Amino acid sequence: MREFSPRTAGALGALLYVLGAAPSPVVADSQAPPGGAWQSLRPQLYGTRPIGEVGDESMSVSGPASTPDPSATPIVVQFGKELAGKVRQVRVIIDNNPSPIATTMSLATGLPVDEIDLRVRIDRFTSVRAISETDSGRLEMRSIWVNASGGCSAPPAATQGGALGQIRFRPSTDGHAVQISIRHPNNSGFQVDPVSGDFIPPHFIAHIKLSAGARVLMEADTGISLSENPTLRFATGEPLPAPLIVEATDLPTQSRFAATWNGAGAAAH
Amino acid sequence: MSVARALLRSLPAWVLLACAGTATAADAPGALTVAEIAPGDFVHYGKPLPLEAPGHDDIANIGFIVGRRCVAVIDTGGSVRVGRALRRAVAAHTALPVCYVINTHVHVDHVLGNAAFADTPAHFVGHALLADALARSRPFFLATYAADLDAPASTAQIIGPDESVAVGSDRNLDLGERRLTLHAWPKAHTDCDLTVYDVSSGTLWTGDLLFVQRTPALDGSITGWLAAIEALAALPHVRHLVAGHGEVTGEPAAAFTPERVYLSTLLQSVRADLAQGKPLQDALKEPSEAGQSHWLLWDSTHPRNVTRAYQELEWE
């Protein structure tokens, strides 16, 4: 599911142009998403520090070119051997969303995380970029375009229900990966109450911490770009330590939710 | 509230709990073509088009049932134009008034024609949760389908029910020597599905609980939908079936089979993915054993169904 990146699009456009079979540069430009938050976020978040663009073998971002469900789009960040275990922070930015920073995630170095999956809301045609910072302070970025179009006509009802803050662990069969889901509406603050006509106040998971014993493996600041029932998935090159403890906090109520996973062989609770 | 309304206009699609689609429809002809599939039961078959295509306001099966005293309209199409053309088709077949406009669920292709019946004495009838579902959908409908409403487009044209049927229960309507039994289902295709059974002719109007040829679109609960299919397929005395999309040609009892096979295969494959800890993006890449060659609009509908099923079943 690797998709067209702006880089390959540019290269392809240039190639076609040379071959004379080309869409004009204007057409090529119109196929890019309209500019979003990155231009203003870059100096705020990273100043003038150089940001490299590594190859797929080091880091990649993937997602559907056109999301089948704008309310729940899977985005996958993968690290190759060169970066796995050396990334101390990853940001995922959805340029054209009202709250572009989907997550800022700190990772424990040494744990060879080779994949992080998020489920996000995609507002409209946008770049989705991941910027990683290595333990040596190097910044690397990859991005894709995701189009939000589709034919549905009503709010999804499939995700509703359950108890607020219920946490589910879903390990992979080899015990190298685990998906963590938290029952939560993750209200953006933009939805309208059908009865009163007023905005439903924002109410979202703002922080997720994953630890094994005293060791913090991951801490993420999250926001309203994560889908209802926020879901993260981690994969590593080795069996995950156990037990794993997940702790989450929402805003503005600052409710805390926690659960423990006792390992692939034990029942989760 | 007016501030909320004003801001809504500038909101992005997912905020409005929505997807996109922007085509305008061709003008409907004077009166919709209808077929009398059973004595007194008139059906207009919608076209197998995507929701973004020109003509997208005429994709659902809609129609009416004529009693001795009055007429019940079942769904009104995806635009006020189609609703008016349906009203002309009613008038072409009977001088009796329309006393009920029944909506089978909240989707745009079934409800946007309601405004064409606003100046009749008809009561609007729907599932107990239809009013809420419409309230959530109105801003999106207005933003996306304004061209399918009368200009100037307004949410006031998207008329909701004034009479409802409680979840899991029946309600009878009398059209004069013709009794209709309405049933409101727990979450299935959507969270507000209603079926209409015309007792005298043995005709069951399923709304979108039955898709024929067109890929079933999951917007409610896959387990709930399969349960509803089981109950509907077992109903005795059904002689004619009107699906939400597509035409039932064979035996009513067999008509649910392809949809049941599709949904149960999807259910099993997503459950298997979840049991193996397979992430959503991998589930989306799998070819379905349900056989895409049988279904129209597969590429746009099936991946969304996988996503919805995954999100429902991961909490089992």
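1. Leaving aside residues up to four places away in sequence, V73(B) touches F64(B), L86(B), V90(B), V98(B), Y100(B), V101(B), I102(B) and F117(B). The model is a predicted one, and the points below should be read that way.

2. The core around this residue comes next. The largest nonpolar core holds 89 residues, and V71(B), A72(B), V73(B) and I102(B) touch the most other members. Helix α4(B) gives the most to this core, with 7 residues. A second, separate core has 50 residues; M59(A), V76(A), A177(A) and A248(A) are among them.

3. Chain B as a whole: it has 9 helices and 12 strands. Of its 316 residues, 57% count as buried. Take the contacts in chain B between residues at least 6 apart in sequence: 70% of these join residues at least 24 apart.

4. The sheet in chain B is open and has 7 strands. Their order is β1-β2-β3-β4-β5-β6-β7, and the pairing is mixed. Strands β1 (35–38) and β7 of chain B stand at the edges. Each has a single partner strand, so one side of each is left without a neighbour in the sheet. Neighbouring strands of this sheet are turned by 25° against each other on average, direction ignored.

5. One pair within the sheet deserves a look. Strands β5(B) and β6 (residues 123–127) of chain B pair in the parallel sense, over 3 bridges. Here V101(B) stands opposite F124(B) of β6(B). V101(B) is also one of the residues that V73(B) touches. In general, strands of a sheet pair through backbone hydrogen bonds, either parallel or antiparallel.

6. Helix α2 of chain B covers residues 80–93.

7. Is α2(B) mostly covered or mostly uncovered? It is mostly covered, with 10 of its 14 residues buried. The buried residues are V80(B), R81(B), V82(B), G83(B), R84(B), A85(B), L86(B), R87(B), A89(B) and V90(B). Three arginines, R81(B), R84(B) and R87(B), are in that list. The cover includes strands β2 (41–44), β3 (62–66), β4 (71–74) and β5 (98–102) of chain B. As a rule, an α-helix has 3.6 residues a turn, so residues three or four places apart point the same way.

8. D75(B) has a phi of about 65° and is found in the loop between β4 and α2 of chain B. H237(B) has a phi of about 70° and lies in the loop between α5 (222–233) and β12 (240–245) of chain B. Which of them is buried, and which exposed? D75(B) is buried, because 33 other C-beta atoms lie within 10 Å. H237(B) counts as exposed, because it has 9 C-beta neighbours inside 10 Å.

9. One joins A242(A) and P243(A), with omega about -5°. P243(A) is in the loop between β13 (231–236) and β14 (244–251) of chain A. Another cis bond runs from A151(B) to P152(B), with omega near -10°. P152(B) is in the loop between α4 (130–145) and β7 (163–165) of chain B.

Notes
Residues are numbered from 1 along each chain as its sequence is written. Chains are lettered from A and ligands numbered from 1 in the order in which they are written. This is a predicted model: local features need pLDDT of at least 70, side-chain atom pairs count only at pLDDT 80 or more; totals for chains, interfaces and linings use all residues. Helices (H or I, at least four residues) and strands (E, at least two) are DSSP runs, numbered from the N terminus. The expected span of a helix is 1.5 Å times one less than its number of residues. A residue is buried if 20 or more other C-beta atoms lie within 10 Å of its own, exposed if 12 or fewer, and partly exposed in between; C-beta atoms are placed from the backbone. Two residues are in contact if their C-beta atoms, placed from the backbone, lie within 7 Å. A nonpolar core is a set of buried Ala, Val, Leu, Ile, Met, Phe, Trp, Tyr and Cys residues joined through C-beta atoms within 7 Å. Two strands pair if DSSP finds at least two bridges between them. Axes are lines fitted to C-alpha atoms, for helices over the stretch in contact, and angles run from 0 to 180 degrees between N-to-C directions.
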